[in-house]
Amino acid sequence: GIEPRSARFGGRVRPWSRGCRLTLGNEATGDRPLFGIVYLVAVYDRALNQTEVQLNFSAGPSGAPAAK
């Protein structure tokens with residue numbers, strides 16, 4: 001694909017606050033479910049570089065993630 005835009009943001013994403021839940025497919029309250037399927041989610045502790053993103057995209061749904 002073609003990257004539509006790119007931007008850098010300052011700040012830290014760590015440490016993750018235990019009081020802030022990561023929620024996929026619904027609100028944290030559980031009262032607004034997604035009408036669909038959450039498929040192929042990967043969470044990293046850092047931003048992936050362009051090569052890692054391309055490797056993950058090229059691997060497709062059955063491939064292993066490029067970064068750990």
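In the predicted model, Arg 46 and Glu 52 are joined by a salt bridge, with 2.8 Å between the closest N and O atoms. The two partners fall into separate accessibility classes. Glu 52 has a relative accessible area of 15% and is therefore buried, the limit for this class being under 20%. Arg 46 is assigned to the partly exposed class because its relative accessibility is 36%.

A salt bridge is also formed between the side chains of Glu 27 and Arg 32, at an N to O distance of 4.0 Å. Here Arg 32 has a relative accessibility of 56% and so counts as exposed, since the exposed class begins over 50%. Glu 27, at 41%, is classed as partly exposed. With the distance criterion applied, the count of salt bridges comes to two.

Nonpolar side chains were examined at the surface as well. A nonpolar surface patch is formed by Trp 16, Leu 22, Leu 24, Leu 34, Val 38, Val 41 and Val 43. Together these residues present about 720 Å² of accessible area. One of the patch members, Leu 34, is located in the segment that precedes helix α1, which spans residues 50-59. Leu 34 has a relative accessibility of 46% and is therefore partly exposed.

Conventions: Residues numbered from 1 in each chain as written. Predicted model: local features only at pLDDT ≥ 70, side-chain atom pairs only at ≥ 80, totals over all residues. Heavy atoms only, no water. Patch = residues over 30% accessible without salt bridge, like charges linked within 9 Å, V, L, I, M, F, W, Y side chains within 5 Å. Areas by Shrake-Rupley, 256 points an atom, 1.4 Å probe, with all protein chains shown as cover. Helix = DSSP H or I, 4+ residues; strand = E, 2+ residues; numbered from the N terminus. Buried < 20%, exposed > 50% of the residue type's maximum accessible area, 1.4 Å probe, protein only.
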